[in-house]
Amino acid sequence: MGLWHVFYADWQMECCGTPFSVGDEVSWPLMLVDSDGVLGGGWHDQLTELAGPVEHVGGVRVVREGTGLTVALAADPDRRPRPGDRMRSVGLLSVERHGAVWPHAVGRVRAVQVLTQVYAESAPGSRSWEPVRRERGLRAVDRCPKWFTETEGERGADGRGRRSREPGAVVTLDVPGTDSRLSHTVREARGIPHQDAKPGAETEGLSAADLAALLQTLSTAAGPRGRKGWRSGGRDGRHA
């Protein structure tokens, strides 16, 4: 089993998603997206690193991660690894239910955290809203909602209107036959040696509530640093 953080956007759920609870088995099409393009960036602990060969499946570029996860790659003409290339990339895993079809990730939901994001007007009175970097929080819940909330706030000292939205949820998915950096982090937190650790050892003996609590201590909505970009062939930099 491998643990993976997945961002489930509010509009994806409200449009055509089905609410789920901790412990449910789900099947989702996953896409790796540039974290800077989601809510203004500032992600850290929710990021995923993938490495593996690139393939075309039904006209979609996918990467088959070394331990078994298959994920589509967001379209980006400036960073386009070609089929047959091996690539390494860091980004945000997200549920993408629109467009082409590629293999789903099937796993069990181990934790759900609803996001709260503060937005501010781009200029006073503009009514054009943008996320405020680092003003984001996570709230553990037992079940992902179908509908997400929005609350009007007071104007800031700069005169810009402010509001708080729930733009989606961060879900921790346990996918059989895979391993991940998050699984390694959980093993470290539990004092489980990496060497000879069998898949799924990090969650053995943990109740759903205890695992959710542990994941919440390891996960902040906006960490001190972020990583982005494609890396191909083990070399840093954008793939041409």
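D10 sits in helix α1, which covers residues 10-16, in what is a predicted model. Is D10 buried or exposed? D10 counts as buried, because its relative accessibility is 10% and the cut-off for buried is under 20%. Setting aside residues up to four places away in sequence, D10 touches F148, R165, E166, P167 and G168.

Let's turn to C15 and C16. The structure holds zero disulfides. C15 is in no disulfide, and its nearest cysteine sulfur is that of C16, 3.7 Å away. The table gives the exposure of both residues.

| Residue | Relative accessible area | Class |
|---|---|---|
| C15 | 48% | partly exposed |
| C16 | 38% | partly exposed |

**Helix α2**

Now have a look at helix α2, made of residues 181-190. Which of its residues are buried? They are L182, S183, V186 and R187. Viewed down the axis of α2, these buried residues fall within an arc of 140 degrees, so they line one face of the helix. What do the buried residues of α2 pack against? Their partners are the strands β1 (2-9) and β12 (168-175), together with helix α3 (208-218). Just after α2 comes G191, which takes a positive phi of about 75 degrees.

In soluble globular proteins, nonpolar side chains tend to be buried together. In this model, the largest nonpolar core has 28 residues, and F20, W28 and L93 touch the most other members.

Leaving aside neighbours within four places in sequence, W28 is in contact with V6, Y8, F20, V95, R97, H104, A105, V109, V171 and L173. F20, one of these contacts, is also named with W28 among the residues that touch the most other members of the core.

There is also a second, separate core of 18 residues, and its members include F7, M31, L39 and V90.

Methods: Residues are numbered from 1 along each chain as its sequence is written. This is a predicted model: local features need pLDDT of at least 70, side-chain atom pairs count only at pLDDT 80 or more; totals for chains, interfaces and linings use all residues. Side-chain values use heavy atoms; hydrogens and water are left out. A disulfide is a pair of cysteine sulfur atoms within 2.5 Å. Buried means under 20% relative accessible area, exposed over 50%, partly exposed in between (1.4 Å probe, protein chains only). Helices (H or I, at least four residues) and strands (E, at least two) are DSSP runs, numbered from the N terminus. The arc is that of the directions from the helix axis to the C-beta atoms. Contact means heavy atoms within 4.5 Å. A nonpolar core is a set of buried Ala, Val, Leu, Ile, Met, Phe, Trp, Tyr and Cys residues joined through side-chain atoms within 4.5 Å.
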